[in-house]
Amino acid sequence: MRLGRAGNKGHVIPGTVLGRAGRILLDFALPPRCAACGTIVADVDLFCGSCWPEIHFLSGGCQRCAQPLEATEAELCGACHVDAGALDRIRAAVEYGEAARSIAIRLKYGRKTGLARTMAAYMRRPLGDLPPDALLVPVPLHRVRLWERGFNQAALIARQLQKTSGNPADMMLLQRVKRTPKLKGMSPAERRRAVSGAFAVRQGQEVRGRSIILVDDVYTTGSTAEACARLLKRKGAASVDLIAWARVVRPTVVNG
Ligand SMILES: [Zn+2]
Ligand SMILES: [Zn+2]
C-alpha cells in the first residue's frame, strides 16, 4: 500500500490526509479484532471468548425464511405458510441478538468497514451454491443517507460476497427514491405504506428473467426487503432471494 508523501513525520497518518479510502484500507492492515466488541484476537474473522457464545448461527429451519421451526411445523414456519410474500427465500448467517447487532452497528456507525468481510465470510454457507448468473444487489440507501454516511454497508457486504462467490453484482441496480421513516413501532400495514414507492430500478437496467439475490446487513421486520422484492418481481425478475448477516428470530422483540 503506498500512502504517498503528504508530509507525514511518523506512522500516524491523520484521517483527513489519508481520506476515506485510506481509512478503509487501514481497517484491513490493523491487528485482527473481535468483530463484536473490538478486543484483539488471534486471527481475522474470529470472535473473542466472551462474544463467541453469544453468536447463534442459523441452520436448517423454515425452507423459505430460515426461521427456526417449532415442533408442530414441517418445512415451512407458520408465517410463511399463511403468507409467503414476494421474497422467494430469506437466509441469514446468525440470529439477531446483542452481539450480532453490535457487529452491524460497528460497521454502520463505527465505520469499521473491514467487518463487511467478516460478515460476508459467515454468510457464504447460508447463501449456498448460486446459479452462476444470479445477481447480487444491495438494498440501497437514500442518496442523502449515503452522502452522510459515505458508504452503504449492504454494498460493502455485497462486494465481499461477489469476491468469494464469483457471482456478478450490481451495486446501483436498486435506488431508494424516497426517504423512509423509522419503521420501528409501526404496524405491518403502516410499514407497507411507508416503504411503498420508496424504491426504483435504475433506468435502463433490465431485470426480466434474472435471479436476484438482495443483500442486507440485518433483516428485522422484512418490510424494506419485501418492497424491493415486490418491485423486482413486477419488473419481471424470475426470483428474488435475500441474504442478510442477521435476522430477527421469534420471539425476540424487534428493536432495530
Ligand atoms: Zn468480543
Ligand atoms: Zn418461514
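This short talk describes a pair of helices and then a strand with its two partners. The model under discussion is predicted.

Let me begin with the helices. Helix 7 covers residues 188-195, and helix 8 covers residues 223-234. Their axes come within 9 Å of each other and cross at roughly 50°. Because of that angle, helix 7 is oblique to helix 8. As for handedness, the crossing of helix 7 with helix 8 is right-handed.

Which residues bring these helices together? From helix 7, the residues are R191, R192 and V195, and they meet S223, T224, A227 and R230 of helix 8.

I turn now to strand 6, which spans residues 239-247. Is strand 6 mostly covered or mostly open? Strand 6 is mostly covered, with nine of its nine residues buried.

Strand 6 pairs with strand 1, which comprises residues 89-95. These two strands run parallel, and six bridges join them. Within this part of the structure, V94 stands opposite A246 of strand 6.

Strand 6 also pairs with strand 5, residues 211-219. Here too the sense is parallel, and the pairing extends over eight bridges. For a position to look at on the screen, please find D216, which stands opposite A244 in strand 6.

To summarise, helix 7 passes helix 8 in a right-handed crossing, while strand 6 is joined in parallel to strand 1 and to strand 5.

Note on methods
Residues are numbered from 1 along each chain as its sequence is written. Chains are lettered from A and ligands numbered from 1 in the order in which they are written. This is a predicted model: local features need pLDDT of at least 70, side-chain atom pairs count only at pLDDT 80 or more; totals for chains, interfaces and linings use all residues. Side-chain values use heavy atoms; hydrogens and water are left out. Axes are lines fitted to C-alpha atoms, for helices over the stretch in contact, and angles run from 0 to 180 degrees between N-to-C directions. Helices (H or I, at least four residues) and strands (E, at least two) are DSSP runs, numbered from the N terminus. Angles under 35 degrees count as roughly parallel, over 145 as roughly antiparallel, 65 to 115 as roughly perpendicular and the rest as oblique. A crossing is left-handed if the near helix is turned anticlockwise from the far one by less than a right angle, and right-handed if clockwise. Contact means heavy atoms within 4.5 Å. Buried means under 20% relative accessible area, exposed over 50%, partly exposed in between (1.4 Å probe, protein chains only). Two strands pair if DSSP finds at least two bridges between them.
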